[in-house]
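Try each one before you read on.

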Amino acid sequence: MHRADLADLTTFIAVADHLSFRGAALRLGVTPSALSHSMRQLEERLGVRLLHRTTRSVSLTDAGFRLLERLRPAIDQVVGALEDLNRERDRPFGRLRIYANHIAAVTVIASVWQRFLSTYPEVHLELRVDEATVDIVAKGFDAGIGREDEAAADMIAVRVMGPMKVAVVGAPSYFARRHGPRSPDDLALHSCVQYRRGADGAVFEWPFERSGKSRKISVNGRVMVNDPDLAVRAAVDGLGIAYTVESLAEPFLRSGQLVRVLEEWSPSFDGLFLYYPGRRQVPAALRALIDMIRAAHSRAPAASSLENPFTEAAASLLKS
């Protein structure tokens, strides 16, 4: 089909509706002579007369009537689809696909998804959680959440969470058997839940900071995991001291299942960003999610000197 056929078919429907070139021209905002020229071109391409016309009147031929019967439902579907898009432009609607690392999924999305989905019942949220850096556009995601450097240079990156503070925690049952550490050096006397990023990533040393001075401590223990939630779970089960973030440990600290230690030594690492392609025509559902996340995590950003220890970038630094 020629591209011009689509425009001329729309013109044909307008003429058929009005049975008048003048009336159809007023509707389409063109001149009657331009409309007549378009119809002649369409009939020549099709090799069929669609309209009987004189200087006084216009009517459909039998072929024109049959074509109109076939075209009308298709055009109505196209018009309906465009009207639906126009209605959806300013209201959250449809499927929203988000790619996030584990901590971002738990601390950013899971903290608002109940309110978000109840506020916008026509949105379907798909959350894919993985630690690998991917091309979110190629994979069909609307946005990603993670470190700022995970966003491509031409993407928009919006801070959705300020610096996140480290929490070093253990269960009361664990500390009932031995005194809690007073300094990072005391961890040598404790069983610690070690963390490895990925299947073959390095086991990272635990970063600490106090009075402007930073240091890293190698720890030992009988449990090693590569998932932040499992590290917290191991601590809750009394298997040792875990190094995590406040947002993951906070429910267990509040319930008394965990006790915090070395708080004065616990640093913060850089926060999280939501990134997406382009500044124009941002889907309404994504705009609404960004607004809700930023309202929920409205702490002002602060300076941070520590790389996120649960990221691939930090893992590679720890190898050196």
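The model is predicted, so local features need pLDDT of at least 70 and side-chain atom pairs count only at pLDDT 80 or more, while totals for chains, interfaces and linings use all residues. Residues are numbered from 1 along each chain as its sequence is written, and side-chain values use heavy atoms, leaving out hydrogens and water.

**Exercise 1.** Find the ring that the charged end of Arg 97 sits over.

*Solution.* Look at Phe 141: the charged end of Arg 97 is 4.3 Å from its ring centre. The rule wants NZ of Lys or CZ of Arg within 6 Å of the ring centre and within 35 degrees of the ring normal.

**Exercise 2.** Count the aromatic pairs, then work through those of Tyr 243 with Phe 204 and Trp 206.

*Solution.* Start with the rule: rings of Phe, Tyr and Trp (its six-membered ring) pair if their centres lie within 6.5 Å; planes under 30 degrees apart are stacked, over 60 edge-to-face, the rest tilted. That gives 7 aromatic pairs. Next, Phe 204 and Tyr 243 come out edge-to-face, at 6.0 Å between centres and 75° between planes. Then take Trp 206 and Tyr 243: with centres 5.3 Å apart and planes at 40°, this pair is tilted. Finally, ring pairs join Tyr 195, Phe 204, Trp 206, Phe 208 and Tyr 243 into a cluster.

**Exercise 3.** Decide whether Trp 206 is buried or exposed.

*Solution.* Buried means under 20% relative accessible area, exposed over 50%, partly exposed in between (1.4 Å probe, protein chains only). Trp 206 has 0% relative accessibility, so it's buried.
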